[in-house]
Amino acid sequence: MSILGNRVLRREDPKFLTSGGTYVGDLDLPGAVHLTFVRSTVAHARLASLDVEKARAAAGVRGVYLNADLGVAPLPPGMPMLNQDMTRPVLAEGVVRFVGEPIVVIAADTLTDGADAAELVVIDYDPLPVVVDPEEALKDEALLYPEIGTNNCFALQFGHDETLFDGCDVVVRQKMINQRVAPCPLEGRSSAAEVAADGRLTFYASTQTAHGVRDSLAKALAVEPDRVHVISPDVGGGFGAKGSVYPEDVIVAWVAQHLGRPARWTETRSESMLGLGHGRAQVQEVEIGGTRDGQILAYRIDVLQDSGAYPDIGAVLPFMTRTMATGVYAIKRGECSSNSVVTNTVPTVAYRGAGRPEATAAIERAIDCFAAEVGVDAAEVRRRNLIGAGDFPYTTPTGTEYDSGDYLRAFDLALEMSGYDELRREQRRRRDAGDKRQLGIGISTYVEITNGIPEGEYGAVEVRPDGRAIVRTGSSAHGQGHHTAWSMLVSDQLGIPMEDIDVIHGDTDIVPRGVGTFGSRSLQSGGSAVHLAAIEVVDKAKALAADLFEAAPGDIVLDAHGGQFHVAGTPALAKGWAEVARAALDKDGEPLMAEVDIPSTGSTFPFGTHVSVVEVDTETGSVELKRHIAVDDAGRILNPLLAEGQVHGGIAQGVAQALLEEFRYDGEGNPLTSNFADYSIITAMELPHFERAFTETPTTKNPLGAKGIGESGTIGSAPAVHNAVVDALSVFGIRHVDMPLTPERVWGAIAAARLGD
Amino acid sequence: MIPAAFDYERASSIDEAVGLLTEHGDEAKLIAGGHSLLPLMKLRLATPSVLVDLGGIADLAYISDTGDQLAIGALSTHHQVATDPLVLRYLPLLAHVAAQVGDPQVRHRGTIGGSIAHGDPASDLPAVVLALGGTLVLSGAGGRSREVAAAEFHLGFLETAIGADEILTEIRVPKLTGAWGFEKLTKRAQDWAIVGAVVVSSNGASSSEGSDSSDGRSVGVALINMGSVPLRAAAVEAAIAAGESPAEAARHASDEADPAADINASVEFRRHLATVLVQRALETALT
Amino acid sequence: MQISITINGSEVAADVEARTLLVQYIRDVAGLKGTNIGCDTTSCGACTVLLDGQSVKSCTVLAAQVAGRQVTTIEGLAEADGTMHPVQRAFHENHGLQCGFCTPGMVMAITSLLAERPPDAAPITAEEVRLGLEGNLCRCTGYHNIVVAALAASRVPELQS
């Protein structure tokens, strides 16, 4: 009986529960200077003057640096396909482009010294025209980079077929805004650096990719990667925003090199809201067309992506939106084009879902709009248009090949779990009664792409003469429970108990290579690598055991339950892993180990259906999420406990976007929601107990048959909640309202609809 | 995150506290639970050079029955107010609202005196005390004290009748003789009210001027976050006293209000909410 | 100024600036890093500790305000022999944590919430747990398993005295 597929409790927990995790800010770094950044309070301006002399002279200050002092080259844009001239100086050079951009860095003995000295810095700004709205930015009037001459940093123009909607009885057009949100991991950015006597840099990072940080830092500091040792201790959440190096990280390393003292920085929440990359921020023009009896024939989405002031991975996410544009539906004709523009705002990054929540949100709203237009129930329109279980692999009009799926099965299960028919009856009752509290039922059927960026992963399994196994993984867990999951995989193959297996990640000296954890890739890539390494180490062990038994390797049996080797037929004469590992060392001084560099296993496509039930107070606009039902399919589930946790967290973030969260700016680029009091991050009170289930439709793309699950909850949930609210408001003839569906938004739609009566 | 530097003085008596206020003038601020002041200081929006801690003064946290009123020591925490048997029995409205201030951790530290003295119009408790017709006791040097009616206590935005050399030491609230209603709209449960309405109905003694018509009933109505100070909705009170229905009376909800627009609501939305919430609170209190 | 605070049963004395927050005293003076700082607006609750048994946000308390009093942090919750408190155990058994950053604050908040319940009160409901956690933010778990853990802990006999 395999341990795989079981609800195994996390081995990580005891430490976190009794003494707490060790995050970068917790590390003991004697003699370290604390860095404080002075950041722009203006969205777009030339830096007329910078007076740092008083700060330099303040108590405890060891150095105050401007960009010119650092001599570090500007960082290139986050992805190679972006306009490469839109580079980012690590500290503002002559001009600031968003509120929060760092201008000055102060190194001081204590955080308090730094905070006090920061108050003494005087900056004069010469304001420049500000552009915050991406539609305005597209006009190229107020330019962030006048010398470049455009705000457009990335365009995907795939043509515009004028005949796309030919043959459609009905075409519905809708503009939609997928609003800017902030990832808000509970631990913000934090890094530290110390330089050894030989000049080698050790860098502590709160990151999703230790090796990525190593390579980026090495490049920024103009040194070879092997001169940089990155250690990622515990990380308090990432959600896609900690997938790369920030300018502040480079500066932390530089200060350590420059002062010859360790340097450390832990941002405050207010800094984080203005510095950690933001998410979403798309304006979408959506068109959907089909027949009167509800068959969808064509779909187009044009995306305008807000990149923020310095283009990063957020700017290329429309590519992912395009990849998943037509969703779960067998739509023959589909198009997606995009423009990405810079604005005087915080740069956008690959926040949980990274382009796919935007795709799903658009088409799921479009389906509901189309259903309303043709007068067919929204569930029925979906049912009629789902890609059939027998049609895989399936290639979409935007060229994406889905591996496997059974969308109808998840769909039917979700509707059954929700008691859909009874919900519609209750809705009818309330409508007939003119109840102030209307019920809304929303559905979202989604498919998404995981392991979307074609990279492999590293995994190694070593067994030591004491019988313990050491797993090294290129994955970079920040809450996902990889230590538990990878020990399950290894224990399953080797028969060594989980408590005798150590898993190491995030140390670039101990783990020689790795890609990291993002895009819901770790189980299928990192897990597969570890799984294959485990199988390989068993083969090596059998060969060694064969020598010990003086038998043929083919006659050696590993009893994976007890972790003992014996010759077939004589199980009583057994040798354990410790003895075999000792034999490996004795033989040629090499440990018993297998390393696997698994090439990219290819993308996989998890899917599901979510159903949301909301109650809308039509007098106040207040929305309460009464129930949320989620059926998700991520192929073979390794540990349902961990997978459920990922879905729970994902749902919360999707609901948050639908109902509450929006990062807002005023017209001058001043942020209005730059701390946890003003930004409506979702709490336990706004969420119900989730009702959920998994279906398992395996994939053949990797040895584990697994797809990613980390982002599915977010992708599937927001559109269901969104559709539910609009469904409730449909009694007023309302057909679309943008997220977040705050009381003001909802009431505003009702009031406008009533005026139109 | 880190406040500017300040000197800290721990007062062991009211006299000592007042003395320190007099000595340091504008540069000094009082701190009780600290949950109004410290958040401002951490963002350096407030930078007093002297903090006078009232936390060490014995006997400023109490709740006692004085006959037709409850006397509540200013340093009583929200948690104490929310769970006190006397409050639960005689002022269930106050217990209900105190139980919703912030979150449990905030309620263990924040004080009713701190909340009232801070006087934020978006805060629930000042409006509740106003609707209940409460009285604030201000203590000065040498054992002096004076009483200020809640209706005269809030002078402007975050500005109260507390003199430079005075400390709010007690809140006196008449016991409820009738029903009450409390409605507020928030985005998230823990948020400040976008708009809130408090209705107190009394059997007998009127709680506002000119509302002793024999046709109607007597109510005290206060609004949360509808202006620069906690507001009595006098026009609503008069309408109810004149015999109008809750729906009719509620139409006057924002007659004297001057609500501001912010990221949660436009002026128009606030005015609309005031009408809706006042009506609901009236219906609860009067049926 | 010279102050002393009892943390997890031990007196911790130091000379600190008046503006030192309790959370800084706990982390930097007492060296107990389990209590975390997650925000600067008293919103997130990651810094929650017990003050004389009641949950407080240690980022919004000056160390000076609580001189001479008893503070319990996550490090002080388990027994001396390492036996976990029922709330800690319930979190483990119900997968109530992922990245762990909010966890010490959550555990302390729930410990206080359950301890504060009158012995004759009805069993705590999920709704009451959620209300009791208004001051604690989590981004990883969606709160689902945290609520399950709190309810599980509430049913442990030793917490119902």
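This is a predicted model: local features need pLDDT of at least 70, side-chain atom pairs count only at pLDDT 80 or more; totals for chains, interfaces and linings use all residues.
Close-up 1. The strands involved are S10 (residues 201–205) and S11 (residues 228–231) of chain A. They run in the parallel sense and share four bridges. In a regular strand, side chains alternate between the two faces of the sheet.

**Close-up 2. The β-α-β unit around helix H6 of chain A.** Helix H6 of chain A covers residues 210–220. Together with S10(A) and S11(A), helix H6 makes a β-α-β unit. The unit is right-handed.

Close-up 3. H15 takes in 28 residues of chain A, 522–549. At 1.5 Å a residue, the helix should span 40 Å. At Ser528(A), H15(A) bends by about 25°. Glu550(A) comes just after the helix and has a positive phi of about 50°.

**Close-up 4. Domains 1 and 2 of chain B in contact.** Chain B is divided into domain 1 (7–52), domain 2 (63–174) and domain 3 (180–286). The C-alpha centres of domains 1 and 2 of chain B are 19 Å apart. Domain 1 gives 13 residues to the contact, and domain 2 gives 17 residues. On the domain 1 side, helix H1 (residues 14–24) of chain B supplies the largest share, seven residues. That side of domain 1 of chain B consists of six nonpolar, six polar and one charged residue.

How values were computed:
Residues are numbered from 1 along each chain as its sequence is written. Chains are lettered from A and ligands numbered from 1 in the order in which they are written. Helices (H or I, at least four residues) and strands (E, at least two) are DSSP runs, numbered from the N terminus. The expected span of a helix is 1.5 Å times one less than its number of residues. The bend at a residue is the angle between axes fitted to the seven residues ending there and the seven starting there. Two strands pair if DSSP finds at least two bridges between them. A crossover is right-handed if, with the strands pointing away from the viewer, the path from the first strand over the helix to the second runs clockwise. Domain bounds come from an automatic or database domain assignment. Two residues are in contact if their C-beta atoms, placed from the backbone, lie within 7 Å. Ala, Val, Leu, Ile, Met, Phe, Trp, Tyr, Cys and Pro count as nonpolar, Asp, Glu, Lys and Arg as charged, and the others, Gly among them, as polar.
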